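Please read the briefing below beside the sequence and the coordinates.

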Amino acid sequence: TNNTDVPVTITEAKPSCGCTTPDWSKTPILPGETGWVKASYGTDGRPGYFKKSIKVAFDNGEKTTLYISGTVVTEKNEKESDLKK
């Protein structure tokens with residue numbers, strides 16, 4: 001949410017690695033309005049826990065870092081987990 005008195009625009013959303021793909025609202029975010037950042041994580045060949053960052057920059061010079069995390073479950077590691085029970 002834009003908490004300033006002027007419109008702001010997200011100028012960049014830079015992921016920490018090539019396995020994360022961000023997208024973001026490209027139009028100016030008016031005061032009191034909300035923009036968005038979406039990110040997807042490429043799970044192929046990457047089972048298990050992950051935590052990735054996306055550095056977001058705005059046209060007013062402000063920056064923030066967002067994080068996505070989760071656990072990729074495959075049929076193989078699901079079976080291994082069942083064997084440990």
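**The largest pocket and its surroundings**

The residues that line the largest pocket divide into eight nonpolar, seven polar and one charged, where Ala, Val, Leu, Ile, Met, Phe, Trp, Tyr, Cys and Pro count as nonpolar, Asp, Glu, Lys and Arg as charged, and the others, Gly among them, as polar. The model is a predicted one, in which local features need pLDDT of at least 70 and side-chain atom pairs count only at pLDDT 80 or more, while totals for chains, interfaces and linings use all residues. Residues are numbered from 1 along each chain as its sequence is written, and side-chain values use heavy atoms, with hydrogens and water left out.

**Pocket**

- The largest pocket holds about 320 Å³ of space, a volume being the space filled by probe spheres set on grid points that are joined across faces, edges and corners.
- A pocket is here an open set of points on a 1 Å grid over the protein atoms alone, where a 1.4 Å probe fits and protein lies on both sides within 12 Å along at least five of seven lines; lining residues have an atom within 4 Å of a point.
- Its lining is made up of 16 residues, and Thr1, Asn2, Ile29, Phe58 and Thr64 are those that lie nearest the centre of the largest pocket.
- At least two residues of this lining come from each of β4 (48-58) and β5 (63-72).

**Fold and burial**

- Read from the N terminus, the order of the elements in the protein chain is β-β-β-β-β-α.
- Of the 85 residues in the protein chain, 24% are buried, where buried means under 20% relative accessible area, exposed over 50% and partly exposed in between (1.4 Å probe, protein chains only).

**Side-chain contacts**

- The structure has one disulfide, defined as a pair of cysteine sulfur atoms within 2.5 Å; it joins Cys17 and Cys19, whose sulfur atoms are 2.4 Å apart.
- The link of Cys17 and Cys19 is left-handed, with -60 degrees about the S-S bond; Cys17 counts as partly exposed at 22% relative accessibility, whereas Cys19 is buried with a relative accessible area of 11%.
- One salt bridge is counted, under the rule that a side-chain nitrogen of Lys or Arg lies within 4 Å of a carboxyl oxygen of Asp or Glu.
- That salt bridge is formed by Lys26 with Asp23, with 2.8 Å between the closest N and O atoms, and Asp23 is partly exposed at 36% relative accessibility.
- One aromatic pair is found in a search of the whole structure; the ring centres of Tyr41 and Phe50 are 3.9 Å apart and the planes are at 10 degrees, so the pair is stacked.
- Rings of Phe, Tyr and Trp (its six-membered ring) pair if their centres lie within 6.5 Å, and planes under 30 degrees apart count as stacked, over 60 as edge-to-face and the rest as tilted; Tyr41 and Phe50 are both buried.

**Single residues**

- Thr65 lies in strand β5 and is partly exposed, with a relative accessible area of 32%; Thr65 and Ile54 are 11 residues apart in sequence and 5.6 Å apart from C-alpha to C-alpha.

Terms used. Helices (H or I, at least four residues) and strands (E, at least two) are DSSP runs, numbered from the N terminus.
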